[in-house]
Amino acid sequence: MDMNIQKYMAFVKTVEYGSFTKAAEILNYSQSGISRIGTFSSVATHWLPNIIREFQKAYPGIDYELLLGDYTEIEEWISEGRVDCGFLRLPTYSDFETVFLEQDRLLVILPENHALAQLEKVPVAALCNEPFMLLEKGAKTEVSEIFERCNLTPNVHFTTWDDYAIMSMVESGLGISILPELILKRVPYRIVAKELDVPAYRKIGIALRSKKTASLAVKRFLEYLQYR
């Protein structure tokens, strides 16, 4: 369709429906595209490609900028308005509006042929006897909380926010770790994942400062995530 005709139709619809927001919705436009999304690497790698591909079928005119960080950085970006919305571990800041998306199990990661790999479920206490590779940066994460809940202290030899570095070190026999299940999809490493003997998971959600003031594109994106 000729661009001028499209603009004319948008104007007509604006008059007809009384607001640009409603007109944009009818015409499948957005007032402004999602300009920035805060995310951590496992969501960016394993969720977002499929999410964006499906969302674009209904809303093809939206552009995306992904900012990768840890939980603390993403919370700061949302507070500062640097991102429109962000994927986070829940709970987060009380003044954010959030949508719960999924519960992600935390699994023990072992080298192949490790003695603990024979167990159906691995006791948290057994992990304290091995060099531990801790997935953490800045504020404490759910992995540290597992040990604290059990009044145990891991023998931490290496701390990083790079999950692939941890998997590589575990494969090399340098230690063991606990990682979220989402990270472990399609891994290229010779490692074994086992359940813990205590409930262990993280709650993943998406957060923003206000749904009321969010752009139409962001609102539709949140709705899609909720009902996908």
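Glu75 sits in helix α5, residues 71–80. Helices are DSSP runs of H or I with at least four residues, strands are runs of E with at least two, and both are numbered from the N terminus.

The side chain of Glu75 does make a polar contact, at 2.8 Å, with the side chain of Thr92. Such a contact is a pair of N or O atoms within 3.5 Å; within protein, one must be able to donate a hydrogen and the other to accept it, and residues adjacent in sequence count only if both atoms are side-chain atoms. Glu75 also touches Leu88, Tyr93 and Phe96, among others, not counting residues up to four places away in sequence. Touching, or contact, means heavy atoms within 4.5 Å.

The model is predicted: local features need pLDDT of at least 70, side-chain atom pairs count only at pLDDT 80 or more, and totals for chains, interfaces and linings use all residues. Residues are numbered from 1 along each chain as its sequence is written, and side-chain values use heavy atoms, with hydrogens and water left out.

Helix α4 spans residues 48–58, and its residues Leu48, Ile51, Ile52 and Phe55 are buried. Seen down the axis of α4, the buried residues fall within an arc of 90 degrees, so they line one face of the helix. The arc is taken from the directions from the helix axis to the C-beta atoms. The cover over these residues includes β1 (37–39), α3 (41–46), β2 (66–68), β3 (85–90) and α8 (216–227).

Ile62 lies in the loop between α4 and β2. Its relative accessible area is 3%, so Ile62 is buried. Ser42, in helix α3, is buried too, with a relative accessible area of 4%. Ser42 touches Trp47, Leu182, Ile183 and Arg202, leaving out residues up to four places away in sequence.

Average pLDDT, the predictor's confidence in each residue from 0 to 100, is 86 for the protein, and 83% of the residues score at least 70. Over residues 7–11 the pLDDT is below 50. Where pLDDT is low, the predicted coordinates should not be read in detail.

Conventions. Buried < 20%, exposed > 50% of the residue type's maximum accessible area, 1.4 Å probe, protein only.
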